[in-house]
Amino acid sequence: MEKKYSIDTQENRDFLQGIRDGLLAFGHRFPSPGGSAYYLGDDGTPWIEKNREAYVTCRMAHVYSIGSFLGHEGSGELVDAALRGLRGELRDKANGGWYEGLKADGSILPGKQCYAHAFVMLAATSAYLAGREGAEELLEEALKAYDTYYWNEEEGLSSDNWNTEFTVMDDYRGLNANMHSVEAFLAVADIAGKEEYRKRAGRIIDHVIVWAKENNWRIPEHYTKDWEPDLEKNKEKADDPFKPYGATPGHGLEWGRLITQWALSTYQEDKEGMRPYIEAAEELFHRAIADAWNADGAPGICYTTGWDGVPIVHERMHWTLAEAINTAAVLYRVTGKEEYAKAYAEFMRYLDEKVLDHVNGSWFHQLDRDNQVSGTVWPGKCDIYHALQAVMIPYCAPEVSIALAVKKGM
């Protein structure tokens, strides 16, 4: 394997730094006049006819907060633009919280997503760490809204969606929003010092591990309002971008990384307390890779599989590769096992040969089963969040949230 793809070589560091700088340059044109994020096309041109969604705006605030720590020119102003959108046109001044987004004509997308509110917490926390004006107030408001409408202390889990007025809660419960809530909770604990959010993250994680273990480490994504797994959800729309049918191997990988981060930060020197969580993270990694990596005769990670592990949606999403890179690197750091370094190198080669857009920049967000660019689920390149984190996390302290780790140079 070329040194360029091997972890802890100077060649790999240089490779990732080049990708990092390209990603940060690629995303510069995201702000709309009001601050909400335009969806970016293949070459980074804003698609002004598409919806401007809250979660994308939050992701851009987060990544350019990281960019500010790296000294990337213009990052602070880009964070400020996104904050203007989150404190302005995306914020529901009448009912509280944040709209799902805005249509091209400026009208609102109805409903209030837990998913988006988790990202508001993450964006506000990173911007607060970056010292941007208004970020502390945004964080306080985000925590208040989340705690009021989404967190269920009795269940130790978060609900999903409300109507716009916060008067009717949907019966659907899901783990995608809970997963990004864990990510945000850990950042809030690390950066704002609110340790109760780290404890919340652990409660969610304990549920997920039980559900995964009971299902051969294929995580059920969808649930009823009583948190009973709904294994047949969206069978008629198997490639849904947020609620696909079946198991989502990329989420198994992402949970593995987040579980590891939480365990390292919670148990620190308590190796016995930490051990079952690291073992669970390894199980999730192994299951996802066994089911979906190179599973259909071509390299790449299939988007979804059935409960028997057989691929259903063969499309390759860029974010699944990003999470494979992250988790392989983190498990290598924690366990020292060469299998993870080997997997990391394989993912790096695939990134370079298939997923990196060497002409226009950024990563192709979707490839088909033959690794040709596709856009049935994710046309264009809406943001740089997953890709940027994937070129930073491999060389950051695995127990620390990414923004803080980068700022501290860890």
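1. R316 and its partner. In this predicted model, R316 has L367 of β14 as its bridge partner. Strand β13 covers residues 311–317, runs antiparallel to β14 and is joined to β14 by two bridges.

2. The sheet around β13. The strand order is β12-β13-β14, in an open sheet of three strands with antiparallel pairing. The edges are taken by β12 (302–305) and β14 (366–367), each of which pairs on one side only. Six of the seven residues of β13 are buried, and the strand is accordingly described as mostly covered.

3. The β12 and β13 hairpin. These two strands run antiparallel and are joined by three bridges. Within this pairing, T304 faces V313 in β13. Five residues lie between the strands of the hairpin, and G309 takes a positive phi near 85° there.

4. The β3-β4-β5 sheet. A further open sheet has three strands in the order β3-β4-β5, again with antiparallel pairing. Because β3 (52–53) and β5 (108–109) stand at the edges with a single partner strand each, one side of each has no neighbour in the sheet. Strand β4 comprises residues 101–102 and pairs with β5 in the antiparallel sense over two bridges.

5. G96 is located in the loop between α3 (75–87) and β4. How far apart are G96 and F166 in sequence and in space? They are separated by 70 residues in sequence and by 8.3 Å in space, C-alpha to C-alpha. Is G96 buried, partly exposed or exposed? Its relative accessible area is 22%, so G96 counts as partly exposed; the cut-off for buried is under 20%.

6. The acidic surface patch. A patch of negative charge on the surface gathers E154, E155, D170, D171, D226 and E228. One of these residues, D226, has its place in the loop between β11 (222–223) and α8 (249–267). D226 counts as exposed because its relative accessibility is 59%, where the cut-off for exposed is over 50%.

Key. Residues numbered from 1 in each chain as written. Predicted model: local features only at pLDDT ≥ 70, side-chain atom pairs only at ≥ 80, totals over all residues. Heavy atoms only, no water. Patch = residues over 30% accessible without salt bridge, like charges linked within 9 Å, V, L, I, M, F, W, Y side chains within 5 Å. Areas by Shrake-Rupley, 256 points an atom, 1.4 Å probe, with all protein chains shown as cover. Salt bridge = Lys/Arg side-chain N within 4 Å of Asp/Glu carboxyl O. Lys, Arg positive; Asp, Glu negative; His and termini not counted. Charge placed at Lys NZ, Arg CZ, Asp CG, Glu CD. Helix = DSSP H or I, 4+ residues; strand = E, 2+ residues; numbered from the N terminus. Buried < 20%, exposed > 50% of the residue type's maximum accessible area, 1.4 Å probe, protein only. Pairing = 2+ DSSP bridges.
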